[in-house]
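Have a look at the sequence and the model below. We'll start with a sheet and then move on to the nonpolar cores.

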Amino acid sequence: MISVSLRRFPWGLLGMGLLFLLLLTSLVVMGGAAQDQARFEQLFLWLLVFHAAILLVLGGLIIHQFVRMVAQYRKGVPGSRLTLRLVGGFMLVAVLPVSVVYYFSFEFLNEGVDSWFDVRVDSALEDALELSRSSLDLRVRQLATETQEMMSELEGVSEGLVPLALNDYRRQVEAQELTLVGSNNRIIASSTDSPIRRLPSPPGADILMRVRPEQPYSRLEPQPDGSLVIRVVATTSSRRPGAENRILQGIYPVDPRMSALSQRVEDAFAGYREFAYLRGPIIQGFIFTLSLALAISLMAALWAGLLVARRMVRPISDLVQGTRSVAAGDYSTRLAVQRADELGFLVQSFNAMTRTLNEARDEAERNRRLLDAERAYLESVLQHLRSGVLALDGSLRLRTANEAAGQILECELQGARTRPISELGVECPLVGQFFEAISDALVRQEDEWSRQVVVFTRSGRKVLMTRAVWLPTSGSSRGLHAIVFDDMTEFLKAQRDAAWGEVARRLAHEIKNPLTPIQLSAERLSRRLGKVLDGADRDVLDRATGTIIQQVEAMKTLVNAFRDYAQAPRLELGSVDLNQLIQDVCELYVDSDGHSRVQTDLEPELPGIRGDAGRLRQLLHNLIKNALEAGKEQDGFTVHIATAYLDDPAGPHIELRVTDTGPGIKPDLLERIFEPYTTDKPRGTGLGLAVAQKIVEEHGGMIECHNAPAGEGGAVFRIRIPVEHTPQALAHEERE
Amino acid sequence: MRAGRSVIGFLMAWLLVLALFPVTAQALEIRDARHLWMDDDTLLVRLLLDMRLPQVLEEALANGVTLEFEAEARIEQDRWLGRESVQSETRRVKLQYFALNRYFLVTDVNDDRMELKPTLGDALEHVARRLGRLPMHGVPGAVRERPEDYNMAARLLLVYSALPLPLQLDAGLRGDLTTRREWHRWSLD
């Protein structure tokens, strides 16, 4: 479940609002302060620091956001690419107008401030200042001359009259203060226009150093109250030897109007010089302030752009994340609907889609579980079936096989699904034989068929009762062969044994039992009537009773033969050299003149087999007798017996082949030649070949019969007997 | 990222310091300082000052800008955390060019006394004399009784805020004026 269901607190918007509020406040404060120069200067640095701090904060935030955004872009976070594009667009939109404004503002400041300074104003101020200086210098020189004259006049005034003289002079020249100073800066006399306010101040050392006789020192001095005064210090050479040198200092006020005008000119000149001197710093200050304001605006715009872009992209990135989750199989994804616009509608649609998908997935999951349960049940049933079950698709690839199928066909089929059955036939001979026997029906895709398949394995012959159904293609399911087969070998054998046992019992009961009385009766008739009859009657009697007795014997032989066939044989297993056995039997068919119609072609060093020598001997007799009886009237008739050792995929076995040069077996008998009572000989019992087949099967072998091609001989009997122990032989041994 | 943060921090700190603290010219310094008890509760602090102005201030002065210098002396007592000022005395002097008579005018802000000096050197010498004499009246008796517990401190600085604003910005941004406001300290004992 994606964690986008909670509404996020808009910290970014809150911060942006606060920042703009602070900027607005600072602008208001700055605007107010700009009306008052002193306040402006007082606040300017603080505002500068404040704006710089905001600039740094914004810069930090933007850098942080950019770094985060780039990191997200590199990681491929959904929405980061779109965010980057939007922010790039915002940057372009913000930077272009700001750059234009900055450029024109920069030019305007440079040219505008320069236009404030005019050479004519500069020159006029210089002239005004020089005029003030000239005017004041004139007054200063006049007062210096007057002071020097006063000093000369005071030379002749006795020390006692000096204060009065100074007072008179001060009134005459309208001085603020006149002070006569003697040696060591001693004040001899002083006169001031305000004795209460002002004490006489003797001239300083630096002034005294500049005073020369007849060369008064004078200068203009500003006062703390803003007025101007002229200080003149004069002295004369002493006319009397040894007399004390005297210095007269006069302080004269400048006409207030003149003073005010001069001060204003001086202030204006100083202000203009300062202003001109600070022109560069002023421009730089303006540009700096402008740059700061524009940088703040730009960064604020960028930050706002970032926030807006993220806010715009967030639903899209949520959708992308949600889509990825859905693609990954998480259908429980729900996105929070935070907007009422088209994006909100899109989010709602996404939620509806995921809800539907989730329900469909749940339904599909339920169905799948049901199918799994059904399949498991079916597989369980199949696995517990004793019948082999195979399913092949239309291209004869194995789709399903139960355990019993593998056991019957002696092949591991569970792990061989989807493999072609032809491949399996190479690895498992029994499978190959089995499907070779049914391949025609499979290829024809017969709807329903059944047949008995006989295969030959290491353990002997197997009879497989096979039924199959072709399930054609339906909808999405492709065509399928469903094959069910059972190993009927033991069943058929038991059934046949039981049937023939019953036949033997009935023969013994119904036929053999009456035979003895018949025979006895015939013999009694022969004895009794033989004494009273003679001549031709006696001959007839003898022939009749002889025929009865002979036929009874024949019937007894027949019954015994049935009994031997039907009764479970008692095999006396041992190691049998088949070649030696064949040679022994063939010896019996050698004429007195040493000729024999039975020829052998035996493979030397034939391995021994485990079997009952007596029963195998009977097998050979039955086959040889059957052949000889078929060709007894044919000249040059021969029976050919050959042995061979074969080690084919069905296992190592000995093949015994009995062929003759007779006319062969009639085709209508060929199919049931091994069934009892099947014979084309007028005196045959029809049991020889049946017994032969029974003996072969008792030894785990297989016998088959066919006719040789025309002109190449008569009947061919092919017998295969395994070399190894057969389960039947072992079971018989155990019973023994 | 760490380097970026440190640069931002440095810039912020610099701007704050510029705003909060006066700036002193590089060549304004106290060469020597002494004190003298005038009576039981009056201490006279004498400072030997080096008043060489940097070029930017000389140019500014010649172009009508008024400079203000301030000397401050104080009696300190060591505390567990820093120092505590027991008493302090401040003297401020203005220096300007008087264009009407081409003299340099020195004004003691404390008592409004004015002096005209024909050269900048004379003016600065006079400024140094005025600032170098700081009488501290009403000094607590404990200072006189246990002078070993106290220290003297003095400093000389150009009053940065008294400069015209463009000059403050320009000089500050160009680094012509530094924010140094170091105290010269000596023992009261």
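In this predicted model, chain B has an open sheet built from 6 strands, lined up antiparallel in the order 6-5-4-3-8-9. Strand 6 (114-117) and strand 9 (184-187) of chain B sit at the edges with a single partner strand each, so one side of each has no neighbour in the sheet. On average, neighbouring strands of this sheet are turned by 20 degrees against each other, direction ignored.

Strand 9 of chain B is held to strand 8 (residues 150-158) of chain B by 4 bridges, and the two run antiparallel. Across from Ser187(B) in strand 9 of chain B you'll find Asn151(B).

There's a helix on this sheet too: helix 2 (residues 55-62) of chain B packs there, and its direction makes about 50 degrees with that of strand 4 of chain B. Here are the strands that helix 2 touches, among them strand 4:

| Strand of chain B | Residues |
|---|---|
| Strand 3 | 67-78 |
| Strand 4 | 83-98 |
| Strand 5 | 103-108 |

Strand 8 of chain B is also touched by helix 2.

Over to chain A. The largest nonpolar core has 50 residues, and those touching the most other members include Leu154(A), Leu166(A) and Tyr252(A). Helix 4 (residues 119-155) of chain A gives the most to this core, 9 residues. Domain 1 (11-118 + 278-327) and domain 2 (139-265) of chain A each supply at least three.

Leaving aside neighbours within four places in sequence, Leu166(A) is in contact with residues including Leu178(A), Ala189(A) and Leu248(A). A second, separate core has 47 residues, including Trp500(A) and Val696(A).

Technical notes. Residues are numbered from 1 along each chain as its sequence is written. Chains are lettered from A and ligands numbered from 1 in the order in which they are written. This is a predicted model: local features need pLDDT of at least 70, side-chain atom pairs count only at pLDDT 80 or more; totals for chains, interfaces and linings use all residues. Side-chain values use heavy atoms; hydrogens and water are left out. Two strands pair if DSSP finds at least two bridges between them. Axes are lines fitted to C-alpha atoms, for helices over the stretch in contact, and angles run from 0 to 180 degrees between N-to-C directions. Contact means heavy atoms within 4.5 Å. A nonpolar core is a set of buried Ala, Val, Leu, Ile, Met, Phe, Trp, Tyr and Cys residues joined through side-chain atoms within 4.5 Å. Buried means under 20% relative accessible area, exposed over 50%, partly exposed in between (1.4 Å probe, protein chains only). Domain bounds come from an automatic or database domain assignment.
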